[in-house]
Amino acid sequence: MNDHLAPGFIFATHQEAETALQTLGRAGIDLKTLSLLGKGYHSEEHPTGFYTVGDKMKAWGATGAFWGGIWSLLLAPAVFFLPGIGVLAMAGPVVLTLVGVLEGAALVGGLSALGAALTRLGVPADAQIKYETALQVDQYVLVVHGSLEEVARVRELLAPPSNSSHSPVGAVGTMGTKGPIGATRAAA
């Protein structure tokens with residue numbers, strides 16, 4: 001995985017994640033190279049459901065329209081129950097990697113199933129912890145899979161405006177105030 005990097009961006013809300021995907025799509029980024037993970041539901045507020053119709057995955061509830069739209073854009077929609085995180089909706093290449101980890105039941109050095117999948121995708125250990133923490137508090141993680149050049153382009157597209165008083169710090173936060181997680185190798 002030396003020629004690939006999977007940096008991630010953490011968003012506080014599904015609206016921010018959706019805006020990021022729209023920005024990338026309009027810029028010509030192949031959305032099939034992205035993974036999005038998030039709980040995207042609050043069972044105490046609304047009933048929530050995920051189901052398939054033909055080859056399409058559907059959702060309803062407080063963020064059903066959001067996940068329904070995301071699943072039409074990204075590969076391999078799925079919902080998993082992961083210990084320590086709970087029910088997690090996701091789509092993109094991370095799903096196939098997670099399925100491989102779960103089917104192989106080979107977790108790496110005490111990592112969670114999600115941590116093991118992220119390791120296989122080349123995500124640095126410190127970023128994995130930030131991703132899992134963000135997911136536990138109902139945030140959304142967008143992971144970019146691609147060459148260093150593709151990753152740099154996505155980073156540029158999602159960076160806060162140069163005239164913004166906010167600066168990217170590479171930590172958990174919202175789009176506009178925080179930058180990519182685990183993208184340090186792209187700058188090297």
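Visitor: How many residues does helix α5 have, and what distance does it reach from its first C-alpha to its last?
Guide: In this predicted model, helix α5 covers residues 125–136. At 1.5 Å a residue a span of 16 Å is expected, and the helix comes close to that value. Helix α5 therefore has 12 residues and reaches 17 Å.

Visitor: Within what arc do the buried residues of α5 fall, seen down the axis of the helix?
Guide: The buried residues of α5 are A127, Q128, Y131, E132, A134 and L135. An α-helix has 3.6 residues a turn, so residues three or four places apart point the same way. The buried residues of α5 line one face of the helix, because seen down its axis they fall within an arc of 160°.

Visitor: Against which elements do the buried residues of α5 pack?
Guide: The buried set of α5 includes Y131 and L135. The partners of the buried residues comprise one helix, α4 (113–120), together with strands β2 (8–11), β3 (34–38), β7 (86–91) and β8 (140–144).

Visitor: Is K39 buried or exposed?
Guide: K39 sits in the loop between β3 and β4 (49–53). Its relative accessibility is 11%, and the cut-off for a buried residue is under 20%. K39 therefore counts as buried.

Visitor: Which element gives the most residues to the largest nonpolar core?
Guide: The largest nonpolar core has 25 residues, and those touching the most other members are L37, L88, M90, L114, Y131 and V141. At least two residues of this core come from each of β6 (78–82), β7, α3 (93–104), α4, α5 and β8. The element that gives the most, with five residues, is α4.

Visitor: How many residues are in the other core, which lies apart from the largest one?
Guide: In soluble globular proteins, nonpolar side chains tend to be buried together. Among the members of the other core are F9, W71, L142 and L158. The number of residues in that core is 21.

Definitions and conventions:
Residues are numbered from 1 along each chain as its sequence is written. This is a predicted model: local features need pLDDT of at least 70, side-chain atom pairs count only at pLDDT 80 or more; totals for chains, interfaces and linings use all residues. Side-chain values use heavy atoms; hydrogens and water are left out. Helices (H or I, at least four residues) and strands (E, at least two) are DSSP runs, numbered from the N terminus. The expected span of a helix is 1.5 Å times one less than its number of residues. Buried means under 20% relative accessible area, exposed over 50%, partly exposed in between (1.4 Å probe, protein chains only). The arc is that of the directions from the helix axis to the C-beta atoms. Contact means heavy atoms within 4.5 Å. A nonpolar core is a set of buried Ala, Val, Leu, Ile, Met, Phe, Trp, Tyr and Cys residues joined through side-chain atoms within 4.5 Å.
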